[in-house]
Amino acid sequence: ALDMNPNFTILDSTEQIDLLKQVMLDLDIDPDKHKPRAVHSQIERAKQRYQGPEKFRNQVNFTGLPFGALYQSYQDRLKAVDALDFGDLMFYCVQLFENKPEILSTYHQQLSHFLIDEYQDTNHAQYKLIRLLSAKHRNLCVVGDDDQGIYSWRGADIGNILSFRKDYPDLKVTHLEQNYRSTQTILTAAWNVVERNLQREPKKLWTAKGSGDLIEYHKTADEMEEAEKIC
C-alpha cells in the first residue's frame, strides 16, 4: 500500500550514518567538514514533526547545506536498498493511515482502548498516530505532566499535552497531586519555579511526609568544586 518492498530491512544507527555519508559524497558534500550525524539529526527531527522532504524543497540548513536535497536523496537511497530508518517506522505508519482509511478501519476493529504514559514526551508524529487510531472509539487515557516536559531537544512537543483539552473537549481530568517521594519544603520550592511557566495545567503538589529540612544553597566556582561539595 506504500509502494514499498514488504521485506524491507531496518537500518541501525551506524548503517543510517554510513548511508547518509554516501549520499553526501554523491552531492559533493564533504562529510569531514559537515558531520553526517548532525545532518541525520535534522532529518530525524523532521520525521518526528511529520515533515517529509517536500516540506524542505530547495531549503538550506543553518550551516548552508542543501537540506531539502539531502533529505530527499537520503530517502531515495533508503528506498533503493529496501530499507527504513527508525523515524520512517512512525512516519510511514501515519502516512498509511492517512492515505488508506480502509486500512485504518481494520485497526479500529481490532483496537478500542489506548493508554499512553509520559504524554508530555510525545512528538508530533506520535500525536497524529494516536489521534488516528483512537478516532473511532475515543477511549483514550493519557498520563503526563506538562511541568516535566524536558525533552524538546529530542523531538518531544509539549503542545500535545497543553492542547489536550482543546483536542478532546469532552475529556475527564484527574489531577494526581499527592507526591510520595519529597517533603513539602521541596515541593513548595519547585512549585515557586514551575508556576512561572507561561503555559501550564494548574496544579499544586502536596505530600503527607511533612515539611522536612530546609533547603541549603551553595554556590561553587565550577563543576569540579560542585562535585567535591556534594561528596
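Predicted model: local features only at pLDDT ≥ 70, side-chain atom pairs only at ≥ 80, totals over all residues.
**H4 against H6**

I started with helix H4 (residues 86–99) and helix H6 (residues 124–134), which pack at an angle of about 35°. Their axes are 9 Å apart. I checked the handedness next, and H4 passes H6 in a left-handed crossing.

Which residues in H4 meet H6? I get Met90, Cys93, Val94, Phe97 and Glu98 on the H4 side. Facing them from H6 are Ala125, Gln126, Lys128, Leu129, Leu132 and Leu133. Sorted by class, the contact of H4 with H6 has 8 nonpolar residues, along with 1 polar and 2 charged.

**Salt bridges**

Then I moved on to charge pairs. How many salt bridges does a search of the whole structure find? The search comes back with 12. I wrote up a few of them.

**Asp85 and Lys47**

Asp85 forms a salt bridge with Lys47, and the closest N and O atoms are 2.9 Å apart. I looked up where the two sit: Asp85 is in the loop between strand S2 (83–84) and H4, while Lys47 is in helix H2 (residues 36–48). They are 38 residues apart, so the pair links distant parts of the chain.

Is Asp85 buried or exposed? Asp85 is buried, because its relative accessible area of 3% falls under the 20% cut-off.

**Lys203 and Asp147**

Next I took Lys203, which forms a salt bridge with Asp147, closest N and O atoms 3.0 Å apart. I have Lys203 down as buried, since its relative accessible area is 17% and buried means under 20%.

**Glu201 and Arg165**

Last one for today: the side chains of Glu201 and Arg165 meet in a salt bridge at 2.4 Å, N to O. Where is each of them? Glu201 is in the loop between H9 and H10, and Arg165 is in helix H8 (residues 164–167). The pair links distant parts of the chain, 36 residues apart. I noted Arg165 as partly exposed, because its relative accessible area of 42% lies between the 20% and 50% cut-offs.

How values were computed
Residues numbered from 1 in each chain as written. Heavy atoms only, no water. Axes fitted to C-alpha atoms, helices over the stretch in contact; angles between N-to-C directions. Helix = DSSP H or I, 4+ residues; strand = E, 2+ residues; numbered from the N terminus. Left-handed = near helix turned anticlockwise from the far one by under 90°. Contact = heavy atoms within 4.5 Å. Nonpolar A, V, L, I, M, F, W, Y, C, P; charged D, E, K, R; others polar. Salt bridge = Lys/Arg side-chain N within 4 Å of Asp/Glu carboxyl O. Buried < 20%, exposed > 50% of the residue type's maximum accessible area, 1.4 Å probe, protein only.
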